[in-house]
Amino acid sequence: MIHRITIPLPGEPTFNMDLGDGPQDAAIRWYLDRQQLPEPELIHLLSRAIRPGDFVVDCGACTGFFTLLAGALGATVLAVEPGENNLPNLYRNVAANRFSIDVWPVALGGKAETRDLLIIDDGGANSFTQP
């Protein structure tokens, strides 16, 4: 089941996330169930650093929390996410908001090559290497 949650940020901005019951949303749900935001120090830093009109690249966007944060702050965002387990949630979360966000369903690296991506079944933290 999908639940739309409005995430309040320090100051005025908010954004919507469609959170499901899957493991990709478990960490966000854990914080929100406790009426907290994940990584508050990073949110504070980004809230001070990102200005309307900035361009932000979120590499490893997962389900889009920080992508949406940057969008809510007025940035144009490029969300890069190769994980097929994260992409449906990321696309759904981007669609739940009216921000300037493009999603690239690819991985980034130092050279052009094709590699296998290890999909972690119990969460969205995928990897090119074995854990």
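These notebook entries record what I looked up in the structure.

**Basis.** I worked from a predicted model, in which local features need pLDDT of at least 70 and side-chain atom pairs count only at pLDDT 80 or more, while totals for chains, interfaces and linings use all residues. Residues are numbered from 1 along each chain as its sequence is written, and side-chain values use heavy atoms, with hydrogens and water left out.

**Overall layout.** I found four helices and five strands in the protein chain; these elements are DSSP runs numbered from the N terminus (helices H or I, at least four residues; strands E, at least two). Their order along the sequence is β-β-α-α-β-α-β-α-β. I noted that 37% of the 131 residues count as buried (under 20% relative accessible area; exposed is over 50%, partly exposed in between; 1.4 Å probe, protein chains only). The chain exposes about 7900 Å², of which carbon and sulfur atoms supply 53% (Shrake-Rupley method, 1.4 Å probe; for residues, only the protein chains shown count as cover). Of the contacts with a separation of 6 or more, 48% join residues 24 or more positions apart; contact means heavy atoms within 4.5 Å.

**Nonpolar core.** Which residues touch the most other members of the largest nonpolar core? I listed Leu9, Phe15, Met17, Phe65, Leu90, Ile101 and Val103, out of 24 residues. Such a core is a set of buried Ala, Val, Leu, Ile, Met, Phe, Trp, Tyr and Cys residues joined through side-chain atoms within 4.5 Å. Two or more residues each come from strand S2 (14-19), helix H3 (65-72), strand S4 (76-80), helix H4 (87-95) and strand S5 (101-104). H3 gives the largest share, five residues. In soluble globular proteins, nonpolar side chains tend to be buried together.

**Strands S1 and S2.** Strand S1 (residues 3-8) pairs with S2 in the antiparallel sense over six bridges; pairing requires that DSSP finds at least two bridges between the strands. Within this pair, I saw Thr6 opposite Asn16 of S2. The two strands form a hairpin with five residues between them, and Gly11 in the turn has a positive phi of about 90°. In S2, five of six residues are buried. Leaving aside neighbours within four places in sequence, the contacts of Met17 include Ile5, Ile28, Phe65, Leu68 and Asn93.

**Strands S4 and S5.** These strands pair in the parallel sense over four bridges, and Val80 stands opposite Trp104 in S5.

**Cys59: buried or exposed?** Cys59 lies in strand S3 (residues 55-59). I recorded Cys59 as exposed because its relative accessibility is 52%. Not counting residues up to four places away in sequence, Cys59 touches Val80 and Leu108. The C-alpha atoms of Cys59 and Val80 are 4.9 Å apart, with 21 residues of separation in sequence.

**Loop between H1 and H2.** Gln35 is in the loop between helix H1 (26-33) and helix H2 (40-49). Its phi is near 55°, a positive value in a residue other than glycine. I counted Gln35 as exposed because its relative accessible area is 78%. Glu39 lies in the loop between H1 and H2 and has a positive phi of about 45° although it is not a glycine. Glu39 is partly exposed, at 42% relative accessible area.
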